[in-house]
Amino acid sequence: MYLFISPWLIGFLVFALYPLLSSLYYSFTDYDIIHPPQFIGLANYAEMFGNDLFWKSVTVTLRYTLISVPIQLLLALGFALLLNQRIPLRGFFRTAMYFPSMVSGVAMSLLWYWIFNPQIGLFNYMLSWFGIRGPAWLMNPDTALYALMIMSFWTAGSGMILFLAGLQGVPASLVEAAKLDGAGRFKIFLHVTLPMISPVLLFQLIMGMIDSFQVFTQAFVMTQGGPNYSTWFYVYNLYTSAFKEYRAGYSSALAWVLLVVVMLFTALVMKLSNRYVHYEGGKR
Amino acid sequence: MSTLPAAGPQANNAVPKRRRSADPVGIVSFIALVVTTFLMLLPLFFMVSTSLKSKKEMLKFPPTFLPESWQWSNYKEIFETLSFGTMYMNSLIIGILTVVGTLLSSALAAYGFARYRGKGSSTWFLLMLSTMMLPYPAIMIPQFILFSKLNWIDTFLPLIVPAFFGSAYNIFLLRQFFSTLPDELFDAGRIDGCSEFRMWRQIALPLSGPALATVAIFAFIYSWNDLLTPVLYLSSTEKLTLPVGMASLTSSRFRIPPWHLLMVASVLAMLPIVTLFAVAQKRFVEGIVLTGIK
């Protein structure tokens, strides 16, 4: 067995465990990558909690996460419910909804960079159909973050695929039984479908949040963290302080805070899931 | 559904058939789907049509739906202004090597985790699972220092070599698949005198085509889209990957962004992914469902 898992084991030691431990150590040092690290105790953490940019990045990231992830999930679930019926052109709709998710990464950022352009872009043009004069989106500190949220809804199709798979796992017999008992559509959804797909919902919520804590591409390509730091995401802040200001010690402290938050989140949601989420076959 | 009486002859169907014309919910759903699909596809439509517009037409407002004159030369221009061909090749090379590395190492480790259930194996497995949540930004600084000590900065190595040491998601996915292979196969192999390695290569791998394809597709997409890692490691122009080169199109060195090129680049960057999707749609969907990677 050890022979087979040895590639992973070596990878784990060299590319995960060693970096984790050394960044923990660096986080207690003053380190510019060139000169040897100087131990300074908790000074990096103290500086971090007094640093305006740190708090800005935390607020931006949390606001983005708390608004965009739930809406994305609702959209994905909504699409999935619509498509889980017998409806003409089902296959076409499903592919069409998923298609935007294939333009992820930088390509998507470039496309939406144009869409949100106030002079020539598509978004304000579409708003003008309804007589709305759109804002300057990415160029306005009040709207830039919302623009990125709107962009994130465009890829709800991949979440939809997961929900569709979950919905197909809901036994038809349960739905039939509920119907015989006189439950309406909404009641069936609330008391049968929703509990049955709650593991998928929870999984997507955790993964969505963890992903959203690590937003980087959009900030790097579309806004460079601006205007006026309105899209100064946590990882963008981490990237800047590590690779623009060469403050490896301070950045390692930032990295560890991110790590701890991600771990806490995972643990918290797992715990909640034992209490509130229905798993087939009863309590585990 | 509740608005309809349970129709006798159709009641044995898993999803009861509805007479579409009579079901208001069905009609509303259909309209909702048409509207959302239109909204979802509109940006894509404009991405393609804008990529074929002239520089002057780009700056018109409202944007024209179809190009007034089709500028196929835009697709030539991007290869001349950016060293787009080189970047495309770089991304392809890195993507393909990442796939090879991921497949080899993850399939090996997954086999180890699937076939041995002795003492300690579950501890290792849990440890492996716990690294699935590990955020890359949390380990990128020491990794960078490590690779710079190895003199790997401005080479493809930091982007490729880690893939040869397995990734937790793919190991997990393949282990689940290997666990479903019947034990009898391996017993028979052992009786015939196969070594474990040969059983891996000649029994497990050939039976796992679909799962391996899924892993390959997602490893490729991940590498193809990755921006942060190549931004950290690559600096000379002839080594840049596609995402890094494309990101430079929005930099402030352009007074007016070359809009037509932005769209051309996006269309071209999307091509391999769409091709993969067209060829292996089933694997694609399976991969999303199994791993939750989007």
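Visitor: What ground rules apply to the numbers here?

Guide: This is a predicted model, where local features need pLDDT of at least 70, side-chain atom pairs count only at pLDDT 80 or more, and totals for chains, interfaces and linings use all residues, while side-chain values use heavy atoms, leaving out hydrogens and water. Residues are numbered from 1 along each chain as its sequence is written, with chains lettered from A and ligands numbered from 1 in the order in which they are written.

Visitor: How do I read the interface of chain B and chain A?

Guide: Start with buried area: the accessible area (1.4 Å probe) that two parts lose on being put together, summed over both. Chain B and chain A bury about 8700 Å² between them, 79% of it on carbon and sulfur atoms. In contact terms, 99 residues of chain B meet 94 of chain A.

Visitor: And how many polar contacts and salt bridges cross over?

Guide: A salt bridge is a side-chain nitrogen of Lys or Arg within 4 Å of a carboxyl oxygen of Asp or Glu. A polar contact is a pair of N or O atoms within 3.5 Å; within protein, one must be able to donate a hydrogen and the other to accept it, and residues adjacent in sequence count only if both atoms are side-chain atoms. Between chain B and chain A the rule finds 0 salt bridges, while 6 residue pairs are in polar contact (both at pLDDT 80 or more). On the side of chain B that touches chain A, α1(B) gives the most, 18 residues. That side of chain B has 75 nonpolar, 17 polar and 7 charged residues.

Visitor: Which domains does chain B have?

Guide: Domain bounds come from an automatic or database domain assignment. Chain B gets domain 1 (28-70) and domain 2 (82-292), whose C-alpha centres lie 33 Å apart. Those two domains of chain B bury about 710 Å² between them, 88% of it on carbon and sulfur atoms. Met47(B), Ser51(B) and Met58(B) supply 59% of what domain 1 of chain B buries against domain 2 of chain B, more than any other three residues.

Visitor: Where in chain A does Arg247(A) find its salt-bridge partner?

Guide: Side chains of opposite charge can pair when their charged atoms come close. Arg247(A) forms a salt bridge with Glu47(A), the closest N and O atoms being 2.8 Å apart. Arg247(A) sits in the loop between α12 (234-243) and α13 (248-276) of chain A, and Glu47(A) in helix α2 (residues 43-49) of chain A, 200 residues apart. Helices here are DSSP runs (H or I, at least four residues), numbered from the N terminus. Over all chains, the count comes to 6 salt bridges.

Conventions. Contact means heavy atoms within 4.5 Å. Helices (H or I, at least four residues) and strands (E, at least two) are DSSP runs, numbered from the N terminus. Ala, Val, Leu, Ile, Met, Phe, Trp, Tyr, Cys and Pro count as nonpolar, Asp, Glu, Lys and Arg as charged, and the others, Gly among them, as polar.
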